[in-house]
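Thanks for making time this morning. I will go through one structure, element by element, and keep to what can be read from it.

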Amino acid sequence: MVQPLSGQAIYVVLLRELKRYWRAKARVISSVAQSIFFLAIFGLGLGEFMGGIGEIRYLSYIAPGVIGMGLLFGSVFSGVSIIFDRQFGFMKEMLVAPVSRTSIIVGKILGGATTATIQGIILMSIAGIMGAFTISFTFLGGAITAVGAMLLIAAGFVGLGVAIGSILNDFHAFQLLSTFVMWPMFMLSGVFFPITGQPLPLQVAMLCDPMFYGVELLRWCLLGTGTELLGSFGWLISLAVVAGFDAVMVSLGTYLFSRSQI
Amino acid sequence: MGKINTIEVKELTKIFDKTVKAVDGISFNVEEGEILGFLGPNGAGKTTTLNMLSTLLRPSSGTATVNGHDILTESDDVRRSIGYVFQDTTLDIELTGEENLDFHGRLYGLDRNVRQQRIKELLELVQLTDRADDRVKTYSGGMKRRLEIARGLLHHPKVLFLDEPTLGLDPQTRRSIWEHIQRLNQENGVTIILTTHYTEEADYLCKRILIIDFGKVVVLDTSDNLKARLEGDVVTLLFKNPKEIETFRSLLKNKNWIHQINVVATGNNYAAMSRMIQNIPGRSRSMNMGGAMPGMSHRNIGDHKKTTKTSQRKTEQSAADESLQFGGKTCPKCLNLLVDKGGHRIPEIVKLADEAGVILESVELRKPTLDDVFLSVTGRNIRDEKGSIVDMVRRHRILRQARGHKVKG
């Protein structure tokens, strides 16, 4: 069944996400603080001890990954929040309105991607202040490109969150989700160490992690380089995988959401 | 000129999990500008019917039209025609009252000027103007309800569905919401279907009442006509010794002027009720709250033996809970008679009791209420229901809050 999209409906759902994000200050602060800890303890502490990765300072090396972590957790959480909408009844208010479920979920995904990206921009600025990036015109161009990449990366993970939220009906499963989905994705995304030189099984696992390509893409934008494994067109491969992941996850999320019961 | 039917329902059926018939082939019409009451216990199929009429659930068979649009084929038009105030709150508590209305207005495609104008009017109507910029999480239960009713009207629906609009609210708030509903109906001419299991509510608000039980329409008529079906008066006898009830009942059985005999609790006679409540340990506290909301509770004579056996245990927990929530009381010491010319028969009843050596503590005479009608047509008491788990949980929560301590179980 083809469901018509309504721009107004998409916009209003997106607007609600932004308002809620802005008001959930505790969530924003704790997520930003967590990322600062990572940057400070690993980037500065561990980094000073073990030196850089090739030519790159360790702090700079992990900065795109830590931004990616903010995106990953923020966007999956946004998607899964449909469980809360259902639990607290607001979902019914949306479902009984004369708009398609597709419009609602597109609004939700755009809203979640936007808030996660705002989070990403905050983290990028903090990393910059901590000295992770060499500020130049080239970098500014890269940073702007990075914002686009963040939106793209986040959209797929909001879709994943929506898909999970459509299947799971209670938020006790949340802990499981965090332990078995989000953390492995984060740890395998190549935030802390390069993929080259790792044992083969680990390399395979990392290559299966969509977040790996997200982090690669951000590294290309912010540092102008990526892993040797994917070569000099690594950014294109990463972009293609992220875009493909988006397409699959947004469709899956929309599909599962439209057949879920009230 | 014939009345226009805003809603026409034909053989609507919903079967869950292939076996549970939540709604079983119901048909009825609702006239334009009417307030129709769905009266029935929890689980009778009221909400399921509304969910089908609002296109949230697809019927297993049958269909309906709402404002001339078919619920199966024109669901968007149906949704545009209706406002639905759900049983549980569906507000976003992180947003302000005004923002909740604004969200709704945008979702229904109202342009800015219209939206702002109507939000202002509706906030005034439900007297929330000065709280409009506060987040909904700071609102009381009654304020949330009023906001939801306002929201349901924002897009000027032809039809408004109100699902248990006053569930769990205190008597004053309930009264004020009733007045709002009545005013909306009179001023805007909006057609309303209201579900409730409070007979007083149906009686007060609704022109016609549809009694629904086990997913079927039991009867559909005006409140007055329904009560007129029960010819005669209700006489309630309060016995000193519950053991004598059975004896006395058999004496009354073959009197042709008695239409019905039920084991019952009174609600209308507060004094008699207080007295009888005091005799039951652990009840007096809930009595104070239940009594504020007159109502009554019956049990069929057939269930009587079972009832008295378990009543001691029930008294301690669930019965008190039920009564707090519904204002009804189960009374193991009462007998309820539907009698022709009740006033004239009282002396005869008293004489019979004297002759049999049965001691009556009090005799009460009154006109039949909707509770009596419900008992008469369904054979069970509206408050004697086994709700779903969700209802039970909710009830316990409300009770816990009201009492300020934990409910056992």
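How do the axes of helix H3 and helix H10 of chain A come together, and at what angle do they cross? Before the answer, a reminder that this is a predicted model. The axes of H3 (residues 58-80) and H10 (residues 210-223), both of chain A, come within 9 Å, and the crossing is at roughly 130 degrees. H3(A) and H10(A) are therefore oblique to each other. Their crossing is right-handed.

You can pick out the residues that make this contact. On H3(A) they include A:Ala63, A:Pro64, A:Gly65 and A:Gly68. On H10(A), A:Gly214, A:Val215, A:Leu218 and A:Arg219 are among them. By class, the residues of this contact are 9 nonpolar, 4 polar and 1 charged.

Now chain A as a whole. It has 11 helices and 0 strands. Its radius of gyration is 19 Å, close to the 18 Å that the globule rule gives for 262 residues, so chain A is as compact as a globular protein of that length. The C-alpha trace spans about 55 × 35 × 35 Å along the principal axes of chain A.

Next, where chain A touches chain B. This contact takes 17 residues from chain A and 20 residues from chain B. On the chain A side, helix H1 (7-23) and helix H5 (90-95) each supply at least two residues. Which helix gives the most to that side? H1(A) does, with 7 residues. The side of chain A that touches chain B has 9 nonpolar, 2 polar and 6 charged residues.

Strands of a sheet pair through backbone hydrogen bonds, either parallel or antiparallel. In chain B, 6 strands form an open sheet with mixed pairing, and their order is S6-S7-S8-S3-S9-S10. At the edges are S6 (82-85) and S10 (216-222) of chain B, each pairing on one side only. From one strand to the next, the twist averages 15 degrees.

Look at the S10(B) end of the sheet. Strand S9 of chain B, residues 208-213, pairs with S10(B) in the antiparallel sense over 6 bridges. For B:Leu210, the bridge partner in S10(B) is B:Leu220. Helix H15 of chain B, residues 370-378, lies across S3 (35-39), S9 and S10 of that chain. H15(B) runs at about 45 degrees to S9(B).

That is the last item, and I can take questions.

Notes. Residues numbered from 1 in each chain as written. Chains lettered and ligands numbered in written order. Predicted model: local features only at pLDDT ≥ 70, side-chain atom pairs only at ≥ 80, totals over all residues. Pairing = 2+ DSSP bridges. Helix = DSSP H or I, 4+ residues; strand = E, 2+ residues; numbered from the N terminus. Axes fitted to C-alpha atoms, helices over the stretch in contact; angles between N-to-C directions. Contact = placed C-beta atoms within 7 Å. Parallel < 35°, antiparallel > 145°, perpendicular 65-115°, else oblique. Left-handed = near helix turned anticlockwise from the far one by under 90°. Nonpolar A, V, L, I, M, F, W, Y, C, P; charged D, E, K, R; others polar. Rg over C-alpha atoms; globule rule 2.2 N^0.38 Å.
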